[in-house]
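Here is a structure to go through by question and answer. Each answer sets a value beside the cut-off it has to meet.

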Amino acid sequence: MPELPEVETVCRGLSNTILGRKITFADNLRPNLRIPFPENFGAVLKNKTIKNISRRAKYILITLDDGTIIIAHLGMSGKMVVFPNFQNDRQKHDHAIFQLDDGKELIFNDPRRFGLITFSDTANINKHKLIVNLGIEPLESGFDGKFLFKKFKNKNTPIKTAIMDASLVVGVGNIYACEALFRSAIAPTAKSGEISAAKCNELAGNIKNVLFEAIESGGSTLRDYVGSSGKSGYFQHRFKVYGREGESCVSCQNPIKRLKQSGRSSFYCANCQK
DNA sequence: CGGCGGTCCTGTCAGC
DNA sequence: TGCTGACAGGACCGCC
């Protein structure tokens, strides 16, 4: 999936292309993704105008002129792509379509169906089940070394698992967790409670930097991620450890290793990261 | 409550 | 060529 930089790239792309447009027709092409589509999906959206597009964690929030908010998540394999014309043929795994008053069409496609689309509204969005327990945004100023040091106190959880915990900090997925730990020279298995205040500062800074740089590069494309314009990202060419098992460390030339933590692959340099 | 494993689903790739 | 198993960007849920 898209991690935070990819979702941010999609949001920016959508803002540039569909903001202010009216939805003339919308439909879900199957009853559910990870959760069921809302009842009356098309009827609720018809003739509503798109007033705002934002992001909270990896959720895309599309606010309409009546206060309805479309909550969309791309899961592991989801895409939201704007086409210049209404499409005659539906592609495999197209699950929802939004036709706009300027003739463009927004399509939600998700092979693995780990994504979701549901509704909330401006009065209730912060209380929404999917939103209410989310932790701090990593690119906001409140996310810093002090914050991490405080949260990590007395925690036995491996640092990699901790920074991927969305109730602590959102949007740090497997790729950027690995990359930020490498930049900080911290082993993914290090106990979070044993990370010094100085190292927490370094780590918070590197999480921000790696996310910023990835957003600047239009995200990372592994298999088939594309932004809302259908373009690939470029940050994957700058991975130092992710997906590089057996290749040499860019810093010390020792081979990059891989291990499983909470069911996810962690890539790291055992020599550089302690 | 914290932490971990299983699970949802399809697609791709390596190995035999 | 075709089968099988491992693995993939996420995150919820339930179990200890």
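Q: Why is Ser228 called buried?
A: In this predicted model, Ser228 has a relative accessible area of 5%. Buried means under 20%, so Ser228 counts as buried. Ser228 is placed in the loop between H6 and strand S9 (257-261).

Q: What makes the approach of Ser228 to Leu14 a polar contact?
A: A polar atom of the Ser228 side chain lies 3.5 Å from the backbone nitrogen of Leu14. The cut-off for a pair of N or O atoms is within 3.5 Å. Apart from neighbours within four places in sequence, Ser228 is in contact with Val10, Gly13, Leu14, Met80, Val81 and Val82.

Q: Why is the pairing of Glu137 with Arg55 called a salt bridge?
A: The closest N and O atoms of Glu137 and Arg55 are 3.0 Å apart. A salt bridge needs a side-chain nitrogen of Lys or Arg within 4 Å of a carboxyl oxygen of Asp or Glu, so this pair qualifies.

Q: What parts of the chain does the pair of Glu137 and Arg55 link?
A: Distant ones: Glu137 is in the loop between strand S8 (116-121) and helix H3 (145-152), Arg55 is in strand S2 (residues 50-56), and the two are 82 residues apart. Both Glu137 and Arg55 are buried. They also belong to a network of salt bridges that links Glu8, Arg12, Arg55, Arg56 and Glu137.

Q: How do you know that Lys104 and Asp102 are partly exposed?
A: Lys104 has a relative accessible area of 27%, and Asp102 has 32%. Partly exposed covers the range between buried, under 20%, and exposed, over 50%, so both residues fall in that range. Lys104 and Asp102 form a salt bridge, with their closest N and O atoms 3.5 Å apart.

Q: Where do Lys199 and Glu202 lie, and how many residues apart?
A: Both are in helix H6 (residues 197-216), 3 residues apart, about one turn of the helix. Lys199 is partly exposed at 26% relative accessibility, and Glu202 is partly exposed at 35%.

Q: How do you know that the span of H6 is close to the expected one?
A: H6 has 20 residues and reaches 29 Å from its first C-alpha to its last, against the 28 Å expected at 1.5 Å a residue. The buried residues of H6, including Cys200, Leu203 and Ile207, pack against helix H1 (4-18), H3, helix H4 (159-163) and helix H5 (174-184).

Q: Are Phe239 and Tyr242 buried or exposed?
A: Phe239 is buried, with a relative accessible area of 10%, and Tyr242, at 19%, counts as buried.

Methods:
Residues numbered from 1 in each chain as written. Chains lettered and ligands numbered in written order. Predicted model: local features only at pLDDT ≥ 70, side-chain atom pairs only at ≥ 80, totals over all residues. Heavy atoms only, no water. Helix = DSSP H or I, 4+ residues; strand = E, 2+ residues; numbered from the N terminus. Buried < 20%, exposed > 50% of the residue type's maximum accessible area, 1.4 Å probe, protein only. Expected span 1.5 Å × (residues − 1). Contact = heavy atoms within 4.5 Å. Polar contact = N/O pair within 3.5 Å; in protein donor to acceptor, adjacent residues only side chain to side chain.
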